[in-house]
Structure formats: structure tokens, C-alpha cells
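Please look over the model below alongside these notes. They are set out as numbered points for checking against the coordinates.

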Amino acid sequence: MTGVGQITAGGLRVTTIFGGMVDMRCVSCNRRYIAPLGAEDTVVCKAAGCIKKRRAE
């Protein structure tokens, strides 16, 4: 489990944990994602710029 303020494996920053859900924001584009608690490391940003950036790395 990731705590508030930490960055997940997918490059998302955890902003809030509430009722068994995790609210996250992309570090690069600030897009919002919500995932079940415990599954936050499986989510990655799907914005076009972030996908290109990940492929370049």
C-alpha cells in the first residue's frame, strides 16, 4: 500500500485515500485517476504525452 504523497510504480502521486479507494494524479500532466486500495501500482497514465515520454525512456 502506498501512503499519501508517495509516487506509485506507474508515476502517479497519491493525493487521497478514502473508503477503500485511492485518488492519484499523474506527475507529468496532472490527470486524475481513482483505483481500489491495493491496486494503485497497476495504474499508469494514458495521456498521449505521457505514453510517448514512457516509450522514450
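1. Of the 57 residues in the protein chain, 28% are buried, where buried means under 20% relative accessible area, exposed over 50% and partly exposed in between, with a 1.4 Å probe and protein chains only. This is a predicted model, in which local features need pLDDT of at least 70 and side-chain atom pairs count only at pLDDT 80 or more, while totals for chains, interfaces and linings use all residues. Residues are numbered from 1 along each chain as its sequence is written, and side-chain values use heavy atoms, with hydrogens and water left out.

2. The protein chain holds one helix and three strands, arranged along the sequence as β-β-β-α; helices (H or I, at least four residues) and strands (E, at least two) are DSSP runs, numbered from the N terminus.

3. Strand β1 (residues 12–18) pairs with strand β2 (residues 21–26) in the antiparallel sense over six bridges, pairing being assigned if DSSP finds at least two bridges between two strands. L12 lies opposite C26 in β2, and in the hairpin of β1 and β2, with two residues between the strands, G19 adopts a positive phi near 50°.

4. The loop between β3 (32–36) and α1 (48–56) contains L37, which counts as partly exposed because its relative accessibility is 36%.

5. Among contacts in the protein chain with a separation of 6 or more, 17% involve residues 24 or more positions apart, a contact meaning heavy atoms within 4.5 Å.
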